[in-house]
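Subject: Two-chain model for you to look at

Hi,

I am handing over the structure below. Please open it next to this email, and then read on for what turned up.

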Amino acid sequence: MEKLKNLTKQSEFKRKIVIVLALVVLLLAFGIINPAYLSYNNIMTILLATSTNGLLAFAVSWPIMTAGIDISVGTVMTFSCVLSGVAFNAAGLPIGLCIILGILVGSFCGFLNGFMSAKLGLPPMIASLAMQMITKGLSLVISGCKPVYFTGCPWYQKIATGNFLGINGFYNAIIILLGMCVVSYIIFSKTIFGRYTLAIGSNAEATRLSGINTDNWQIGVYTLCGTYAGIAGLVLSSRLNSAQPALGPGYEMDAIAAAVIGGNSLMGGEGTIVGTLIGALIISSLQNGLRILQISTETQYAIIGVVLILTVAFDQRRKKRKKVAGKSNA
Amino acid sequence: MSKEVVRMEGITKEFPGVKALSDVKFSLDAGEVHALVGENGAGKSTLMKVLTGVYAKDSGKIFLEGREVNFQNVKEAQNAGVIMIHQELNLMNHLSVAENIFIGREFKKDKIFLDKKTQNEEAEKLFEKLHVKINPREKVGNLTVAQQQMVEIAKALSFDIKVLIMDEPTASLTDNEIEDLFEVIKMLREEGKSIIHISHRLEELKLIADRITVMRDSKYIDTVDTKDVTVDELIRMMVGREIFVEKQKPLEKQDLELTLEVEHLNAGPLVQDISFKAYAGEILGFAGLVGAGRTETARAVFGADPHSSGKIIIHGKEQKINSPSDAVKAGIAYLSEDRKRYGVATGLDVETNISMANLRKMSKVGFIKFKECAANADKQLDDLAIKTPSVKQLVKFLSGGNQQKVVLAKWLTKDAEIIIFDEPTRGIDVGAKSEIYKLMNALAEQGKTIIVISSELPEIIRCCHRVLVMCEGRLTGEVTGADIDQDIIMKFATQRSKGE
């Protein structure tokens with residue numbers, strides 16, 4: 001038994017090491033090919049590029065941990081910042097209020113996703129597919145298919161691209177990303193919310209039969225996910241100084257890829273926040289490095305697809321081995 | 001008659017920790033309907049699974065028409081003409097009747113395309129033979145259970161069968177449907193086919209069976225001619241006189257505190273007008289055969305399934321229980337018969353599982369007080385003697401007995417007052433069993449109300465101060481103290497409502 005426990009721990013630890021190593025090897029490999037890759041400025045660029053996808057990956061990690069999914073995070077992100085922009089430009093509301101409104105709209109979309117799957121019995125994939133379509137459509141409708149600019153607020157752009165504490169090149173978006181990572185980690189490992197998220201993912205019916213109102217917790221999980229998407233919308237629109245209503249579709253897949261590469265199982269019941277961050281970093285490091293090698297965006301996608309296959313295949317092998325070990329010892 | 005088709009001798013089969021069959025013999029003649037009876041877990045299904053190659057026997061011999069056979073799998077048995085229809089029918093609901101019958105050996109045109117026309121015609125022929133009207137083009141999911149059973153029989157007939165084994169075919173049929181089924185069985189018998197009929201419904205055997213073989217505790221007891229035996233004699237053979245079971249000591253206190261009252265509870269066909277009372281310090285048993293509605297009753301009381309009418313009163317106050325969360329708030333706990341699915345979150349550690357139901361109490365503004373959780377988990381580990389290397393061990397690596405204790409620890413942490421144990425010792429080895437019994441006794445002595453659902457009569461007799469017996473969704477009897485005995489429980493458990 002003791003051995004087995006160590007084995008489990010070891011295997012999990014090994015996985016974390018392997019993915020960190022993968023990131024390091026990736027960085028070194030590109031660094032050898034082109035030393036400019038590892039320059040301070042480029043590293044910061046990579047981190048800035050990770051901010052949106054990283055936030056969305058944290059977002060989608062929550063439903064994934066419950067064995068659910070949310071494929072609407074990309075368009076919810078867009079919708080929240082488009083709405084915020086419209087409220088600012090057309091309705092003339094104060095920018096602070098618009099920002100809060102944008103994030104709350106994200107929360108509300110998430111709430112609806114949770115409500116549809118927990119109370120109406122829609123599979124999360126379908127509920128969030130519908131939400132994806134709705135938010136994509138509404139973004140285009142309320143913006144009149146045109147970008148919404150935040151030029152009326154001179155400091156809006158600084159929210160993401162300003163320098164944190166005046167450190168040159170250290171963008172605020174990076175600190176938002178890292179801050180949300182810490183917040184997520186605390187929620188995940190220190191609170192009831194994190195525990196119940198895992199419990200639902202591990203065995204929803206047993207959790208319900210423990211007297212826990214799993215429907216409500218599930219709605220909470222999706223609401224949190226939507227809130228993160230709203231924050232991602234703030235960061236993205238600040239970087240672009242505008243809300244682009246046509247952006248969004250496709251972002252959710254990058255986010256899911258990051259969460260999965262990071263070690264979150266779509267079967268739920270286990271999760272890792274730091275892994276998700278590293279997963280997102282691997283994707284943007286790859287993209288950045290391939291761009292420096294002047295490999296086209298199209299080819300980059302294909303390569304990331306292959307990386308996704310390799311990581312998950314590796315993970316499956318690890319799990320199978322663990323299972324065999326569990327059987328022979330139990 | 002008298003030509004022997006199947007002979008099984010000295011069949012022994014062991015599963016880890018359990019002897020499922022011990023030196024069992026069985027003989028089947030051509031053109032006979034042979035009933036196989038026994039309590040839950042007596043080994044009937046296991047014996048038939050050995051015969052049809054689902055399980056490999058550890059020792060013994062099987063003869064089919066005088067030749068020794070040793071089927072490695074169902075397919076081999078099928079080819080030799082031995083087919084079993086399981087209690088849970090193995091049909092694909094979304095496929096048509098004919099597609100189900102000929103699955104895996106479809107009729108083809110030009111070796112590529114499905115020949116649905118021929119297939120449907122062939123299926124029709126089979127049904128004509130059985131004198132039943134079923135449209136071969138209909139989706140199986142749209143048929144009644146009885147019709148689905150006919151599809152299974154037709155499928156069996158489409159092979160060249162010698163022996164047809166039916167595991168509790170009448171369990172979910174109405175009386176009229178049973179008559180139709182028996183007509184078909186009799187017709188098959190006239191054609192010289194042999195039928196093994198596993199059943200709990202003793203009175204119906206008179207109508208259909210030529211001979212009856214009784215099994216008990218994994219052993220062969222006797223084979224009798226149906227006309228020479230009464231139902232009471234059969235029950236006696238099934239239950240056995242010689243098994244000595246230590247009985248629960250009678251309750252000493254007389255003025256017990258009433259904790260749980262259930263009044264006229266209805267929830268589907270298996271929970272019909274159930275009323276009972278349970279007291280603090282008492283262990284109340286629910287006995288009955290599989291499918292009697294005991295688990296369904298418990299789940300309805302616990303709010304796991306909705307109930308259509310009835311009252312649940314706790315400490316004299318009516319409680320609205322619409323979800324497990326309501327029930328837990330009212331002080332009820334439920335330990336499911338299926339631990340892995342409904343009891344523990346196997347992928348999480350022992351500590352999380354133990355604190356799961358009470359995390360709100362053991363936290364502050366949502367932040368878990370880990371020290372408190374760990375201290376409680378350690379205490380439970382000691383109190384219940386849960387064997388695990390640490391509280392951080394994943395529950396899936398614990399043994400069945402220890403998993404059960406983890407679930408119990410969860411409810412003790414929540415300080416539940418009324419604890420329902422559903423098949424508390426299923427899949428648990430003998431040593432751990434008596435530990436669980438001791439725990440139940442200790443909890444009752446502390447003043448908890450304990451309800452035990454069990455299909456194992458010795459368990460009921462050993463544990464309970466009072467026993468309620470269910471049959472087909474109704475309460476059919478109550479036995480208390482010294483009156484608790486296997487015969488009487490069995491009698492209530494088979495007391496079916498006639499003419500309904």
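Contact here means heavy atoms within 4.5 Å. Keep that in mind for the neighbour lists. The model is predicted.

**Ser454(B)**

On that basis, take Ser454(B). Leaving aside neighbours within four places in sequence, Ser454(B) is in contact with Phe286(B), Ala287(B), Gly288(B), Arg294(B), Glu423(B), Glu459(B) and Ile460(B). Ser454(B) sits in the loop between strand 22 (449-453) and helix 16 (457-463) of chain B. Buried or exposed? Ser454(B) counts as buried, because its relative accessibility is 1% and the cut-off is under 20%. The side chain of Ser454(B) has two polar partners to look at. One is the backbone nitrogen of Glu456(B), reached at 3.0 Å. Another is the side chain of Glu459(B), in polar contact at 2.9 Å.

**The interface**

Next, the two chains together. On the chain B side, 34 residues are in contact with 28 residues of chain A. The buried area between chain B and chain A is about 2,600 Å². Carbon and sulfur atoms give 64% of that area.

Polar links come next. Ten residue pairs are in polar contact between chain B and chain A, both residues being at pLDDT 80 or more. Several elements of chain B give two or more residues to the side that touches chain A: helix 9 (294-302), helix 10 (324-329), helix 11 (339-343), strand 20 (367-368) and helix 14 (400-413). Helix 11 of chain B gives the largest share of that side, four residues. By class, the side of chain B that touches chain A has 19 nonpolar, ten polar and five charged residues.

How many salt bridges are there between chain B and chain A? The count is one. Arg299(B) pairs with Glu205(A), with the closest N and O atoms 3.8 Å apart. That pair belongs to a network: Glu205(A), Arg208(A), Arg299(B) and Asp305(B) are linked by salt bridges.

**Other salt bridges**

Over all chains, the search finds 25 salt bridges. One of them joins the side chains of Asp29(B) and Arg211(B), at 3.6 Å from N to O. This pair links distant parts of the chain, 182 residues apart. Asp29(B) lies in strand 2 (residues 18-29) of chain B, and Arg211(B) lies in strand 11 (residues 211-216) of chain B. Both Asp29(B) and Arg211(B) are buried.

Compare the surroundings of another pair. Lys227(B) forms a salt bridge with Asp225(B), the closest N and O atoms being 3.8 Å apart. Lys227(B) is exposed, with a relative accessible area of 69%. Asp225(B) is partly exposed, at 31%.

Arg341(B) also has a partner. It forms a salt bridge with Asp338(B), with the closest N and O atoms 3.6 Å apart. Asp338(B) is partly exposed, with a relative accessible area of 27%.

**Cores**

The largest nonpolar core has 94 residues. Which of them touch the most other members? They are Leu55(A), Phe58(A), Trp62(A), Tyr156(A) and Tyr228(A). Helix 2 (residues 40-65) of chain A gives the most to this core, with 13 residues.

Look at Leu55(A) in particular. Not counting residues up to four places away in sequence, Leu55(A) touches Thr50(A), Ile176(A), Leu177(A), Met180(A), Tyr228(A), Ile231(A), Ala232(A) and Val235(A). There is also a second, separate core of 90 residues, which includes Ile321(B), Leu381(B), Val391(B) and Ile460(B). Ile460(B) is also among the contacts of Ser454(B).

**Two more spots**

Asn241(A) is in the loop between helix 9 (214-240) and strand 2 (242-243) of chain A. It counts as buried because its relative accessibility is 14%, and buried means under 20%. Leaving aside neighbours within four places in sequence, Asn241(A) is in contact with Tyr149(A), Phe150(A), Thr151(A), Tyr156(A) and Gln157(A). Tyr156(A) is also one of the core residues named above.

Last, helix 1 (residues 44-51) of chain B. This helix is mostly covered, with six of its eight residues buried. The buried residues are Lys44(B), Thr46(B), Leu47(B), Met48(B), Val50(B) and Leu51(B). Just after helix 1 of chain B, Gly53(B) takes a positive phi of about 85 degrees.

Best wishes

Key:
Residues numbered from 1 in each chain as written. Chains lettered and ligands numbered in written order. Predicted model: local features only at pLDDT ≥ 70, side-chain atom pairs only at ≥ 80, totals over all residues. Heavy atoms only, no water. Buried area = accessible area lost by both parts, 1.4 Å probe. Salt bridge = Lys/Arg side-chain N within 4 Å of Asp/Glu carboxyl O. Polar contact = N/O pair within 3.5 Å; in protein donor to acceptor, adjacent residues only side chain to side chain. Nonpolar A, V, L, I, M, F, W, Y, C, P; charged D, E, K, R; others polar. Core = buried A, V, L, I, M, F, W, Y, C linked by side-chain atoms within 4.5 Å. Buried < 20%, exposed > 50% of the residue type's maximum accessible area, 1.4 Å probe, protein only.
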